[in-house]
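Visitor: I'm new to this one and would like to learn how to read it. Could you walk me through it?

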Amino acid sequence: MNRIENNRDGLRTVILRRLDLQVDGTLQYVVRGEYIDADDIADTEIIAGPVVTTWWDVPLPPCPDCGGDIIWYEASYVPGTRKCMGAAITAHDGMPAHNPDGGCGSMFSAEVCYMIEGGETK
Ligand SMILES: [Zn+2]
């Protein structure tokens, strides 16, 4: 098992957890496009990396809720927010793009952490 810490002794990685949102005084997650009380569903911990260039360029594993692509989604949310946008479509210029209404809508926060080998994930 590996341990995640915010010190600089380990391998630099990106970790995704469900985005924390305060709604009417309670902590909620956005799961498949719906606000769910954080007490009713487990958080997730997705580790990606190692970070060898810029951390926002690290490819991320698929959405744990539907298998879609998790991409940047920062408008009106805190920096680091990512959202499931489903499978890529081909835009008019031939580059891959995502439909804003695609995917299941689960939201995550991305953060750089340091993975210590031999510890326990926390
Ligand atoms: Zn999804």
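Visitor: In which sense do S2 and strand S6 pair, and over how many bridges?

Guide: Some ground rules before that. This is a predicted model, where local features need pLDDT of at least 70, side-chain atom pairs count only at pLDDT 80 or more, and totals for chains, interfaces and linings use all residues. Residues are numbered from 1 along each chain as its sequence is written. Strands are DSSP runs of E with at least two residues, and helices are runs of H or I with at least four, numbered from the N terminus. Two strands pair if DSSP finds at least two bridges between them. Here, S2 and S6 (residues 46-48) are antiparallel, with three bridges; Val14 has Ala48 in S6 as its bridge partner.

Visitor: Which strand is joined to S2 by eight bridges?

Guide: That's S11 (residues 107-117), running antiparallel to S2 (residues 11-18). For an example, Leu11 has Met115 of S11 as its bridge partner.

Visitor: How many helices and strands does the protein chain have?

Guide: Zero helices and 11 strands.

Visitor: What is the order of the strands in the open sheet?

Guide: The order is S3-S4-S5, with antiparallel pairing. Strand S3 (21-23) and strand S5 (34-37) are at the edges with a single partner strand each, so one side of each has no neighbour in the sheet. From one strand to the next, the twist averages 50 degrees (axes are lines fitted to C-alpha atoms, for helices over the stretch in contact, and angles run from 0 to 180 degrees between N-to-C directions). Between S4 (residues 26-31) and S5 there are four bridges, and Gln28 has Asp37 in S5 as its bridge partner.

Visitor: How many residues does the largest nonpolar core have?

Guide: The general idea is that in soluble globular proteins, nonpolar side chains tend to be buried together. A residue is buried if 20 or more other C-beta atoms lie within 10 Å of its own, exposed if 12 or fewer, and partly exposed in between, with C-beta atoms placed from the backbone. A nonpolar core is a set of buried Ala, Val, Leu, Ile, Met, Phe, Trp, Tyr and Cys residues joined through C-beta atoms within 7 Å. In this model the largest one has 15 residues, and Leu16, Leu19, Val30, Ile70 and Phe108 have the most contacts inside it. S11 gives the largest share of this core, four residues.

Visitor: What is Leu19 in contact with, leaving aside its neighbours within four places in sequence?

Guide: Contact means C-beta atoms, placed from the backbone, within 7 Å. For Leu19 the list is Tyr29, Val30, Thr81, Met107, Phe108 and Ser109.

Note on methods:
Two residues are in contact if their C-beta atoms, placed from the backbone, lie within 7 Å.
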